[in-house]
Amino acid sequence: MIHQNNKQSQTSATKKWQAHLSAHAKSGLSRPEYCRRQQISYHAFAYWRKKLSKTGGNNFALVPITMQAEPGLIIGYGGAADLTLVLPKNISIAVGDNFSGATLNRLLTLLEAR
């Protein structure tokens with residue numbers, strides 16, 4: 001029975017420190033200031049932060065995003081290309097004889113910013 005109580009104590013401590021770490025992340029405070037305000041040991045906070053970061057893995061998540069074209073940019077082209085620009089990173093731009101120079105310039109500016 002002693003072993004079970006020890007496990008419950010560890011689980012309770014883990015939950016307590018996970019709650020502190022989460023609250024600290026949301027607080028915007030420095031770690032020392034958070035600990036001072038919560039009246040907890042900075043060294044214990046640092047210990048649990050390190051311990052739980054090892055067991056918790058990375059806190060990264062993939063988030064879906066939707067990309068929208070800038071108004072006025074041509075997304076598709078149905079005719080034959082008079083000129084094809086081939087850029088690094090497998091980017092190619094096909095330009096027909098009725099292309100808009102301003103649109104092409106904006107597209108190239110956007111690509112240069114990447």
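I began with the rings, and the structure holds four aromatic pairs. For a pair, I took rings of Phe, Tyr and Trp (its six-membered ring) with centres within 6.5 Å; planes under 30 degrees apart count as stacked, over 60 as edge-to-face and the rest as tilted. Trp-17 and Phe-45 are edge-to-face, because their ring centres are 6.4 Å apart and their planes stand at 70°. This pair links distant parts of the chain, with Trp-17 in helix 1 and Phe-45 in helix 3, 28 residues apart. Tyr-34 and Phe-45 make a tilted pair, at 5.9 Å centre to centre and 50° between the planes. Here too distant parts are linked: Tyr-34 sits in helix 2 and Phe-45 in helix 3, eleven residues apart. I also noted one aromatic cluster formed by Trp-17, Tyr-34, Phe-45, Tyr-47 and Trp-48.

A word on my source: this is a predicted model, where local features need pLDDT of at least 70 and side-chain atom pairs count only at pLDDT 80 or more, while totals for chains, interfaces and linings use all residues. Residues are numbered from 1 along each chain as its sequence is written, and side-chain values use heavy atoms, with hydrogens and water left out.

Next I checked burial (buried is under 20% relative accessible area, exposed over 50%, partly exposed in between, with a 1.4 Å probe and protein chains only). Phe-45 counts as buried at 0%, and Tyr-34 does at 5%.

Then I looked up the largest nonpolar core, which has eight residues: Trp-17, Leu-21, Tyr-34, Cys-35, Ile-40, Phe-45, Trp-48 and Leu-52. Such a core is a set of buried Ala, Val, Leu, Ile, Met, Phe, Trp, Tyr and Cys residues joined through side-chain atoms within 4.5 Å. Helix 3 gives the most to this core, with three residues. I numbered helices (H or I, at least four residues) and strands (E, at least two) as DSSP runs from the N terminus.

Which way does the chain run through its elements? I read α-α-α-β-β-α from the N terminus on.

My last stop was Gln-39, in the loop between helix 2 and helix 3. Gln-39 is not a glycine, yet has a positive phi of about 55°. Most residues other than glycine have a negative phi. Buried or exposed, I wondered about Gln-39? Gln-39 is exposed, with a relative accessible area of 74%.
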